[in-house]
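Have your viewer ready and try each task before reading on.

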Amino acid sequence: GEDIGGAEDMFKQALAIQPNDPLTLFHYGELAQACRENFPRAKQLYRACLKADSTYLPAYHNLAVALSKLKELDEAERVLMKAAEIAPSDANTHLNCGILLWEERNNAEAAEPFLSRSFELDPSNTGVLLYRGMWSLRQEGNISAAIELMERAAELEPTNQHAVAAVMWIKNEYNRSVAASLAKSSSRQSTGSFGSNPSVETRGSDAPVAHQSQDEVEGPKRGVWLESRGGLKKLPDDLPAGTVLNTQEFFDMD
């Protein structure tokens, strides 16, 4: 609206005085990208910023985003690789390289070293923790590690809506895994089979954990059980197979 137009006028006036000021060019690019979604213009301004200061990392990162929006993925990758050469110890640069390779290029093998390096460089970085958690879930199938990493991100930055939403989402995924395990267990019980049941575990969380093996449940404890910090709890015998429980519903059970 009028505020954006006024800001654009201010940037134009500033560039008329100092046409090669990298910060003015960068922030003008941010305005074009975030407020106008004018990615070609943002690309042009970030390029000009880097021509004025080839070491300004935020411009590399934002330029790569603009190029991705324009589906210029080869160039976006080149830009981020150049940033990694300039700042080999910057966790965010390695994270952005990993995200581009994993999410946009669908190349998990190439992405893994960058994501791992970002975690080594800054294990308290919220973005690094969230993507490390996603990697643990999607590439390694380790939902326990994913929950732990995402919870740590939310604890470090409780006002970060992405981190809070990620924790809620991963807990829901966990509950679905528990429900799938219970459904399989119920099916085995109906046929008189008590074979091994894949474990679903979690760390640093009060969420319920499916008991690992029905063979371990003897005597009066036969049935469908969940294990939590509060001890071993039996679910109602008439609970429909495939029921998805949230954590509070589980602990509210008598």
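The model shown here is predicted. Glu-77 has a relative accessibility of 24%, so this residue counts as partly exposed.

**Exercise 1.** Find which side chain Glu-77 meets in a salt bridge, and work out what the pair ties together.

Solution. 
- Step 1: The partner is Arg-105, with an N to O distance of 2.8 Å.
- Step 2: Glu-77 belongs to helix H5 (residues 73-86), while Arg-105 sits in the loop between helix H6 (91-104) and helix H7 (108-121), so the contact ties together parts 28 residues apart in sequence.
- Step 3: Arg-105, at 30% relative accessibility, also falls in the partly exposed class, as the class runs between 20% and 50%.

**Exercise 2.** Locate the salt bridge of Arg-36 and Glu-8, then classify each residue as buried, partly exposed or exposed.

Solution. 
- Step 1: The two side chains meet at 3.2 Å, N to O.
- Step 2: Glu-8 is part of helix H1 (residues 2-17) and Arg-36 of the loop between helix H2 (22-35) and helix H3 (39-52), so this pair ties together parts that are 28 residues apart in sequence.
- Step 3: The relative accessible area of Glu-8 is 17%, so Glu-8 is buried, the limit being under 20%.
- Step 4: Arg-36 has 40% relative accessibility and is therefore partly exposed.

**Exercise 3.** Determine how Arg-117 and Glu-120 are placed in their helix, and how exposed each one is.

Solution. 
- Step 1: Both residues lie in helix H7, separated by 3 residues, or about one turn of the helix.
- Step 2: Glu-120 has a relative accessible area of 56% and is exposed, whereas Arg-117, at 33%, is partly exposed.

**Exercise 4.** Say how many salt bridges the structure holds, and which residues Arg-47 is linked with in a network.

Solution. 
- Step 1: The structure has 9 salt bridges.
- Step 2: A network of salt bridges links Arg-47 with Glu-75 and Arg-78.

**Exercise 5.** Describe where Asn-160 is found and which backbone nitrogen lies 3.1 Å from a polar atom of its side chain.

Solution. 
- Step 1: Asn-160 is in the loop between helix H9 (143-156) and helix H10 (161-190).
- Step 2: With a relative accessible area of 16%, Asn-160 is buried.
- Step 3: The backbone nitrogen in question belongs to Ala-163.

Terms used
Residues are numbered from 1 along each chain as its sequence is written. This is a predicted model: local features need pLDDT of at least 70, side-chain atom pairs count only at pLDDT 80 or more; totals for chains, interfaces and linings use all residues. Side-chain values use heavy atoms; hydrogens and water are left out. A salt bridge is a side-chain nitrogen of Lys or Arg within 4 Å of a carboxyl oxygen of Asp or Glu. Helices (H or I, at least four residues) and strands (E, at least two) are DSSP runs, numbered from the N terminus. Buried means under 20% relative accessible area, exposed over 50%, partly exposed in between (1.4 Å probe, protein chains only). A polar contact is a pair of N or O atoms within 3.5 Å; within protein, one must be able to donate a hydrogen and the other to accept it, and residues adjacent in sequence count only if both atoms are side-chain atoms.
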